[in-house]
Amino acid sequence: MVQSKLKTMVYISLLVAQALVIGLIENMIPYPFGFAPGAKMGLANLITIIAIFTLSKRETITLISLRLCLSTLLGGTVSTFLYSFSGAVLSYIGMMLVKSLGPKRVSIIGISATGGFMHNVGQLVTASLIAQSWTVMLYLPVLSFLGILSGIAIGVCANYLFMHVRTLQRFQMERDRQTQQNWASQLLGKDLI
């Protein structure tokens, strides 16, 4: 039990470190979209997708929180934290809702595309609240298109990683086994009552 918790903590730490490095590298790349200032690929969200499929909800929220706090400390401001926080929360909620539809109805690519779209919605809602004007939401169609494209690209990358990295496959199988055990214990508990 202790070794399993330690392994999970190390795994979360490695994912957070990878997300921070990816985010810092992405911040050094000039924005490729002249018609959409501030639009980024959101490559660090690849780590969030991996966490959703390999960790529990609590552990994934821990990972997202650590990533947001540390990235703000390493080069952000209060406003970047607010934008990132709102985007990350809405993105996570959206991805978990879509994931709950099941693998027969939606793929990892669809879940990631949902995350890209919802992240932009969260950031624009925050911008609207800060600017005290809903006209900021007029930017949503452009950002939605870019967010969905980015989400698809990140979903393809995540799919590739899950197919070719044994460590991720192991964590995903372990997570699936725990989920099945939880369902079984809940069903047995209800039958006994």
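# A walk through the helices and rings

Start by selecting Val142, which you'll find in helix α6; helices here are DSSP runs of H or I with at least four residues, strands are runs of E with at least two, and both are numbered from the N terminus. Before going on, note that this is a predicted model, where local features need pLDDT of at least 70 and side-chain atom pairs count only at pLDDT 80 or more, while totals for chains, interfaces and linings use all residues. Residues are numbered from 1 along each chain as its sequence is written, and side-chain values use heavy atoms, with hydrogens and water left out.

Is Val142 buried or exposed, or partly exposed? Partly exposed, at 32% relative accessibility (buried is under 20% relative accessible area, exposed is over 50%, and partly exposed is in between, using a 1.4 Å probe and protein chains only).

**Next stop: the aromatic rings**

Show the ring side chains. The model has 3 aromatic pairs, counted when rings of Phe, Tyr or Trp (its six-membered ring) have centres within 6.5 Å; planes under 30 degrees apart are stacked, over 60 edge-to-face, and the rest tilted. Pick Phe53 and Phe162, one of those pairs: with 5.9 Å centre to centre and 65° between the planes, these two are edge-to-face. Phe53 sits in helix α2 (residues 45-54) and Phe162 in helix α6 (residues 140-164), so the pair ties together parts that are 109 residues apart in sequence. Phe53 is buried at 14% relative accessible area, and Phe162 is buried too, at 8%.

Then hop to Phe81 and Phe85. Their ring centres are also 5.9 Å apart, but the planes meet at 25°, so this pair is stacked. Both residues belong to helix α4 (residues 78-99), where a spacing of 4 residues is about one turn of the helix. Both are partly exposed, Phe81 at 27% relative accessibility and Phe85 at 42%.

**Charges over rings**

Go back to Phe53 and bring in Lys99. Lys99 lies over the face of the Phe53 ring, 5.0 Å from the ring centre (the rule asks for NZ of Lys or CZ of Arg within 6 Å of the ring centre and within 35 degrees of the ring normal). For another example, select Lys7 and Phe171: the charged end of Lys7 is over the Phe171 ring, 5.7 Å from its centre.

**Helix against helix**

Switch to a cartoon view. Two packed helices are described by the angle between their axes and the distance between the axes. Colour α2 and α6: their axes come within 9 Å and cross at roughly 50° (axes are lines fitted to C-alpha atoms, for helices over the stretch in contact, and angles run from 0 to 180 degrees between N-to-C directions). That makes α2 oblique to α6, given that under 35 degrees is roughly parallel, over 145 roughly antiparallel, 65 to 115 roughly perpendicular and the rest oblique. The α2 and α6 crossing is right-handed (the near helix is turned clockwise from the far one; left-handed means anticlockwise, by less than a right angle).

α2 passes α4 in a right-handed crossing.

Now select helix α5 (residues 108-131) with α6: the angle is about 145° and the axes lie 7 Å apart. The residues of that contact divide into 14 nonpolar, 8 polar and no charged (nonpolar being Ala, Val, Leu, Ile, Met, Phe, Trp, Tyr, Cys and Pro, charged being Asp, Glu, Lys and Arg, and polar the others, Gly among them).

**Last stops: two loops**

Click Val106, in the loop between α4 and α5. Val106 is buried, at 17% relative accessible area.

Finish on Gln132, in the loop between α5 and α6. What is its phi? Positive, about 55°, although Gln132 is not a glycine. Gln132 is also exposed, with a relative accessible area of 72%.
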